Amino acid sequence: MAREGGRGGPPGTTPGRRPSRFAGHDVLAQAGTWDATTSAVVFARTARQPEPRFFTLAEEAVATPLFDHLLAQWDDPKVPVLEMIDARLAERQTDGWRFEDMPEDDTAWRLSLRGLDDDAREWYDAPFAELPRERRGALIEAVRARGAGRWRGLTAGHVWGLWTRYTATAFYSHPWAWNEIGYGGPAYPRGYMRLGLGLREPWEVPDTEPGEAPPEDDGSEGEKDDDLPARPGAPRTGIAGLLRSATETLRQTTSPLGRVRDRNASAWLLPRGDARFDRRLVDGMRRFDDRDEVDLVVVGCGAGGATLAQRMSRYGWSVVCLEAGPFWDPDSDWVSDEAASHHLYWNDPRVIAGEDPVPLGANNSGRGVGGSTVHFAGYAPRFHPSDFRTYTEDGVGADWPLDYADLRASYERIEQELPVAGQYWPWGDPHPYPHAPHPVGGNGEVFLRGAAALGLEARVGPVAITNGRFGNRPHCVYRGFCLQGCKVNAKASTLITHVPDALAHGAEIRAQCMVTGVELDEQGRLATGVRYVRDGRERFQRARTVAVAGYSIETPRLLLNSTSRRFPDGLCNDHDLVGRYVMVQGAPQTSGRFTEEVRSYKAPPPEVTSEEFYETRSDRPYRRGFSIQNVSPLPIVWAEHVTAQGHWGEDLRRYMRDYVHWATLGALCELLPQPGNRVTLAEEKDRYGLPVAHFSYSQCENDRQVIRAAEAVMEDILRAAGASEVMTINRYAHLVGGCRMARDAEHGVVDADLRTFAVPNLLLTDGSVLPTQGSANPALTIMALVDRAAGRLAAGARAGLRTPAGGRR
């Protein structure tokens, strides 16, 4: 039986049929310009909803008024929030992590609903559902106000996060809510073309209540804020420097593509026309038998694994790449929709703990061919030379066993293959990019305006998004869904930048294969292959060389689960280093409210950057630093931003109606590696019978100081740009570490060539090997490290005991 909860509503319907500030705006009227996959997803939310399958009648009686209060849904038609959350829980579509002091989400929901009803009976001697509205609101606020305190055996703040995370996702995934906030909705294949402040597409309508006008501009640049953290100074250049940057940029952007195609023809192997991947490459790829001893088996097909598979298959090696997730078809598997992209993330269970626990799932890992590059923002800066010697220069972190100069050529090759678009980069090792910068949207314009007022240098780019055609890849259409899988093929992911060439050169990408262990020979000296599960059966793929590229949670977890007589505490864990020194970047986000319509959902999420605060300064109390980018949250993420400030109910709706007026900046703060921040094995087991990862994380005082400094700078920039209100939330981004590289086995798990010290034919080729993380997104550096390691492996450098026939032994 189906419910009527999601039906009804004339064109332009808003929840409760409230008068809209965006009169005449109807997202669904544009559905004829959407692709069929996205249309089906969105219209399903307006159709009749199934009866609840998870909540009991007693739980539904509490959940219904709870959701109404959290979202101020008092009148019909209502967004069917209860039915949408019920479906997620019934199908176990959780976010893939839980706090150590919380049960799984389904149990947490049952306990918290029961607790709310118990509160009602104790406080008012009546069930929650029968209380008047003001008393129900008081009970809900009491839970929120407890924060880190305990409530009904649970941490109140974690319960509040559970409630608001699920309800915001359901409500602001619905087109009626989009109408209320003026959101333009899905934009594929048409895209968005009018990107600047105050610009609207023909089908977008103005806000009839934009707020007060900003102060008149007196023509001055504004005064620099004396409280800004000291910085190495904007990279000022004279005429000679400008000429050099222009010449180098021209050389890059006009260089012939033949050399790129000769080493990686992926862009030319993609189909022309409407399809985004040539399935003939998959259907016709070489297939090996488990009994074949291939030259290389790679675990994971993300930034590191796919790059390695492509490089080594080009070198003539026989390669099998095992990926736990599916082989994506961008046309049918990806949508221009936030909520419907849940399946792109690694959502298997994990446990998080520590003083500053790190939520996982969407923010830090991917599942499927392409890994997290499928849903990363495409931002692709290099690390700075100082990142490779932070201990020597700054007395913190660790020195790498290689220098920036060792990666310069690899950086250039990967930038050309992605390709990266941006202005000439003046920070770190100054360099140009192969594609010109993209036009800037309203969010980026705000950043540039505020930076100019404060005298800060900011540049457009670098993003791994085509600006113009590249092979058979088209120009970006600025649809704003880079984090949901690029249906255009404009944003780089290894699914399209490296996998096609790997398949064309004989590699097998074997999807839906969960690797459960690395096997060694009887002496425990060499890897002989990997155990994996496919179609419910455990199998074993033989290989002469094994590379693990599961990233900073799953790679340590796999090694710790791969025990033997030689390695009773986990593979390569002789010195108790596997799983240690896991890092994340502090990623606070600060938003500012402007009278102009920013409409930050258009254009790539990151557009403009400043790295002026990247390096250590002796006159500041903290070591290392941060970078700043503009970021562009879509409605669900923006709702989470607002609820994180404690806004809920009518207050939440009021802030959300201002959605098109907010611009957002995000910092990437370098947080220091600490041995206690680590991955271990939990008692809980997954569907394969393996202990799941337990990730404990705590900040040090230097970390907190860097984050506070970044927040202050972002608030200054937005206020200098004219923001009437600012709000900041704390969050994390970009896992790295866990199997760090070093010069010797006492200090690391792998060497500079990414070979493990303990097992010479076992490599780790992902972000887990990074000793420090800088203030830059890690994907480009991961791929550059693998490019270098692959060349040295193919050349026979430190070939160890087992290499393919013809290699130096």
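A residue is taken as buried when its relative accessible area is under 20%. By this criterion, strand β20 of the predicted model is mostly covered, six of its six residues being buried. The strand belongs to an open sheet of four strands with mixed pairing, arranged in the order β3-β8-β20-β19. The edges of this sheet are formed by β3 (98–99) and β19 (678–685), each of which pairs on one side only. Helix α19 (residues 551–561) packs on the sheet, where it touches β19 and β20 (691–696), and its direction makes about 65° with that of β19.

The pairing within the sheet can be followed strand by strand. Strand β3 runs parallel to β8 (residues 351–353) and is joined to it by two bridges; phenylalanine 99 has isoleucine 352 of β8 as its bridge partner. Between β8 and β20, which also run parallel, there are three bridges, and alanine 353 stands opposite serine 696 in β20. By contrast, β19 and β20 run antiparallel and are joined by five bridges, with proline 691 of β20 as the bridge partner of lysine 685. These two strands form a hairpin with five residues between them, and glycine 689 in the turn has a positive phi of about 85°.

A helix pair was also examined. Helices α2 (residues 57–71) and α5 (residues 133–146) pack at an angle of about 80°, their axes lying 10 Å apart; α2 is therefore roughly perpendicular to α5. Pro65, Leu66, His69 and Leu70 of α2 make the contact with Arg133, Arg136, Gly137 and Ile140 of α5. Four of the contact residues are nonpolar, two are polar and two are charged.

The structure holds 65 salt bridges. One of them links the side chains of aspartate 106 and arginine 92, at 2.8 Å from N to O. Because aspartate 106 lies in helix α4 (residues 105–124) and arginine 92 in the loop between α3 (81–90) and β3, the pair ties together parts that are 14 residues apart in sequence. Aspartate 106 is buried, at 17% relative accessibility, whereas arginine 92 is exposed, at 52%. In the salt bridge of arginine 459 with glutamate 457, the closest N and O atoms are 2.7 Å apart; arginine 459 is buried at 16% relative accessibility, and glutamate 457 is buried at 14%. For aspartate 619 and arginine 617, the corresponding separation is 4.0 Å. Aspartate 619 is partly exposed at 49% relative accessibility, and arginine 617 is partly exposed at 30%. A network of salt bridges links Arg194, Arg200, Glu201, Glu204, Glu597, Arg599 and Lys602.

Technical notes. Residues numbered from 1 in each chain as written. Predicted model: local features only at pLDDT ≥ 70, side-chain atom pairs only at ≥ 80, totals over all residues. Heavy atoms only, no water. Axes fitted to C-alpha atoms, helices over the stretch in contact; angles between N-to-C directions. Parallel < 35°, antiparallel > 145°, perpendicular 65-115°, else oblique. Contact = heavy atoms within 4.5 Å. Nonpolar A, V, L, I, M, F, W, Y, C, P; charged D, E, K, R; others polar. Pairing = 2+ DSSP bridges. Buried < 20%, exposed > 50% of the residue type's maximum accessible area, 1.4 Å probe, protein only.
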